[in-house]
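Here is a short report on a protein model. Look over the sequence and the structure first, then read on.

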Amino acid sequence: MAGAATAMHWAADHAGRFESNVATREPAWVRWLILAVSLTFFGVFLLLPLVAVFAEALRKGWTTYLTALAEPDALSAVRLTLITAAIAVPLNLVFGVAAAWAIAKFDFRGRHLLITLIDLPFSVSPVISGLIYVLLFGAGGWFGPWLAQHDIKIIFAVPGIVLATVFVTFPFVARELIPLMEAQGREEEEAALVLGASGWQTFWRVTLPNIKWGLLYGVILCNARAMGEFGAVSVVSGHVRGQTNTMPLHVEILYNEYNFAAAFAVASLLALLALATLIIKSWVESRAGQEQQQEGAS
């Protein structure tokens with residue numbers, strides 16, 4: 001954490017010198033123009049759609065809104081979304097911590113290949129990733145006949161949805177931790193090992209406390225993507241109402257059926273989850289900043 005505190009002090013001092021330099025100080029009208037453009041984009045592309053979702057959801061009153069949310073298919077979609085996130089996020093948590101620890105703390109052959117593989121879901125379309133699982137586990141896929149013989153169903157079932165969600169979300173935790181752990185260096189872990197600590201003791205008492213805020217931040221982003229994923233899940237789910245529909249898929253079906261009130265009601269739940277994610281994310285960033293300031297002062 002000492003390295004992070006030093007970096008924070010350097011950034012603050014550098015920013016102060018930048019602001020005090022006449023050559024880099026913009027006129028007031030330029031700053032106001034940039035602020036106005038930013039707020040306009042925020043209002044048009046973020047705030048206005050969010051208001052529209054809640055306005056449409058409540059347009060026919062609270063009774064219609066609550067009735068749409070209480071439908072068995074809607075409750076099934078909410079339940080499946082939460083189950084999928086509850087499975088995918090812990091798996092990505094374990095993978096992300098292990099991958100980041102290996103990449104940041106050790107030098108080994110294939111290190112750059114592992115980093116490239118972690119970034120793979122960012123460069124592959126979610127629809128393509130879903131099709132890959134269909135080619136592997138579908139009825140006509142590589143493992144399809146064997147799965148059928150053993151009565152194991154992956155595609156058009158919950159396991160396929162979980163696999164697709166894990167694939168599209170597994171970079172988030174690792175990508176949040178790798179630069180943080182690389183910036184912290186290896187000195188504290190090496191000192192703990194020299195003093196006789198085991199590998200697990202070093203991880204739990206040295207590494208984990210240093211990365212806790214970055215880890216929580218990555219988990220929040222991973223959970224948000226897991227609950228809102230549409231493309232990959234749409235390919236492997238089969239769109240079976242009440243069985244394999246997550247919340248985004250249920251919204252699509254309701255909208256295609258011109259059931260707009262119910263569609264926007266379920267969409268409002270996703271919007272509320274997104275707002276809750278932003279609030280928790282802001283709290284994590286605030287806590288991390290306060291902790292860094294306290295360590296810098298000490």
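Arg 186 is partly exposed, with 27% relative accessible area. (Buried means under 20% relative accessible area, exposed over 50%, and partly exposed in between, using a 1.4 Å probe and protein chains only.) Arg 186 forms a salt bridge with Asp 107, and their closest N and O atoms are 3.1 Å apart. A salt bridge here is a side-chain nitrogen of Lys or Arg within 4 Å of a carboxyl oxygen of Asp or Glu. Asp 107 is exposed, at 62%.

Helices are DSSP runs (H or I, at least four residues), numbered from the N terminus. This is a predicted model: local features need pLDDT of at least 70, side-chain atom pairs count only at pLDDT 80 or more, and totals for chains, interfaces and linings use all residues. Residues are numbered from 1 along each chain as its sequence is written, and side-chain values use heavy atoms, leaving out hydrogens and water.

The whole structure holds eight salt bridges. One of them joins Glu 182 to Arg 111, with the closest N and O atoms 2.8 Å apart. Glu 182 lies in helix 10 and Arg 111 in helix 5, 71 residues apart. Glu 182 is partly exposed at 38%, whereas Arg 111 is buried at 17%.

Glu 257 and Arg 241 also pair, at 2.6 Å from N to O. Asp 73 joins these two residues in a network of salt bridges.

## The cavity

How many cavities of 30 Å³ or more does a search of the whole structure find? It finds one. A cavity is a set of points on a 1 Å grid, over the protein atoms alone, where a 1.4 Å probe fits but cannot get out; lining residues have an atom within 4 Å of a point. The largest cavity has about 50 Å³ of space. A volume is the space filled by probe spheres set on the points, which are joined across faces, edges and corners.

Helix 4, helix 9 and helix 12 each supply at least two lining residues. The lining includes Thr 81, Ile 161 and Met 227.

## Confidence

The average pLDDT (the predictor's confidence in each residue, from 0 to 100) is 84, and 90% of the residues score at least 70. Where pLDDT is low, the predicted coordinates should not be read in detail.

Technical notes. 1 Å grid on protein atoms, 1.4 Å probe; cavity = no way out; pocket = protein on both sides within 12 Å on 5 of 7 lines; lining within 4 Å.
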